[in-house]
Amino acid sequence: LENNFCIILAGGKGRRLWPCSRETRPKQFIDFFGTGRTQLQQTFDRFCKILPKENIFINTNAAYEGLVREQLPEVAADHIMAEPIYRNTAPSVAWAAHRIAKINPKANIIVSPSDQAVFNEESFRQNIMDGLAFVTHNNMLLTLGVKPTRPEPGYGYIQMGDNIDQDDVYKVRSFTEKPDREFAKIFMESDEFLWNTGLFLSNIHCMGMCMYKFLPVVLRTLDQDNPNASFEEENAFVQEHFPSYPNISLDHGLLEKTDKACVMKCDFGWADLGTWHSIFEAMQRSDEDNVVINSDVIMDDARNNIVKLPEGRLAVINGLDGYIIAEEDNVLLICKKEDSSSLVRKYVNEVQLKKGDKYI
């Protein structure tokens, strides 16, 4: 167990869940469902049951370092990796893998987003343990995929290729990011595609080789100039040189380019909690197909809506079908739910331009 490490990615701005997710407190730092724990805390709790908590690292943006410390006081300072500039997930993982390699050259690493719902914790634990066993003995980059339950255009898809020696591990044939609805339907019906959960496992040797091959040399320069760099020296180096990395995701920067990508078919019940539409699809609905999240609402002749209001607010909603009704602080959003993630981003940009940052 001491060879197993986890990197939780918690640096995103969460704009697709605006106005509840805001620039100063994005979705991963919010107790969105009123459970008493934020999404980041729930993700941390989940991995504490699988590996030693001192082997969990949190990657975030410098702007959110204080929030991470406040919400996870048990995480040591050198396990919070705060980037000076937003550079997407590939550089984030490169930095975390570099630090973990120094601690344990035999490490296996799990990379996890911080905004997921897992409905079957025991299956999740089993799938992760099977995945760790696989990457211990195979120099492969293992993604975790889940069988689609609907043609969801807001998710990424992984096409399974040939079966590898284990029952449920396959070579990756292709990655498709957010297809349109028609393609999502074809993907689902073909039985060849899985939802891309964003969970990803590798041993440190394989990950390091792939990073070296496909990402610019940044941290390797530090190793050459100062092989025994302290945590403070490494931090100072990253603050200065991190912008040299491209703004690229793990999928585009690494997984789509390598021939070492494979996927495990998992069954732990999963939802990405990054968009209004995906939350609507994942949640328990009322008789009229409404999803009301921790809010006080009277619905009349209204169906197929998702509602999230601040505490102390009452909404009376009549005649709406297929809408997001979300209020937070100084913004109220009423917007068609269908394919809302691109719409919400559009409105965020428009509001920022016309009204300024105080609404973002």
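Modeller: Rings of Phe, Tyr and Trp (its six-membered ring) count as a pair if their centres lie within 6.5 Å; planes under 30 degrees apart are stacked, over 60 edge-to-face and the rest tilted. The model is predicted, so local features need pLDDT of at least 70 and side-chain atom pairs count only at pLDDT 80 or more, whereas totals for chains, interfaces and linings use all residues. Residues are numbered from 1 along each chain as its sequence is written, and side-chain values use heavy atoms, with hydrogens and water left out.

Colleague: How many aromatic pairs does a search of the whole structure find?

Modeller: The search covers the whole structure, and its total is 14 aromatic pairs. One of them joins Phe32 and Phe33, with 5.1 Å centre to centre and 65° between the planes, which makes the pair edge-to-face. Phe242 and Tyr245 are also edge-to-face, at 5.4 Å and 70°. The number asked for is 14.

Colleague: Is Phe32 buried or exposed?

Modeller: Buried means under 20% relative accessible area, exposed over 50%, and partly exposed in between (1.4 Å probe, protein chains only). Phe33, at 21%, is partly exposed. Because its relative accessibility is 1%, Phe32 is buried.

Colleague: Which residue lies over the face of Phe32?

Modeller: A charge sits over a ring if NZ of Lys or CZ of Arg is within 6 Å of the ring centre and within 35 degrees of the ring normal. Arg46 lies over the face of Phe124 in this way, at 5.9 Å from the ring centre. For Phe32 the distance to the ring centre is 5.1 Å, and the residue is Lys308.

Colleague: Which residue is 100 places from Asn104 in sequence and 8.8 Å away in space, C-alpha to C-alpha?

Modeller: Asn104 is buried, with a relative accessible area of 12%. Leaving out residues up to four places away in sequence, Asn104 touches Glu2, Asn3, Phe5 and Ile204 (contact means heavy atoms within 4.5 Å). The residue at 8.8 Å is Ile204.

Colleague: How many disulfides does the count come to?

Modeller: A disulfide is a pair of cysteine sulfur atoms within 2.5 Å. Cys206 is in none, as the nearest cysteine sulfur, that of Cys210, is 4.3 Å away. The sulfur of Cys266 is 11 Å from the closest cysteine sulfur, in Cys262, and therefore too far for a bond. The count comes to zero.
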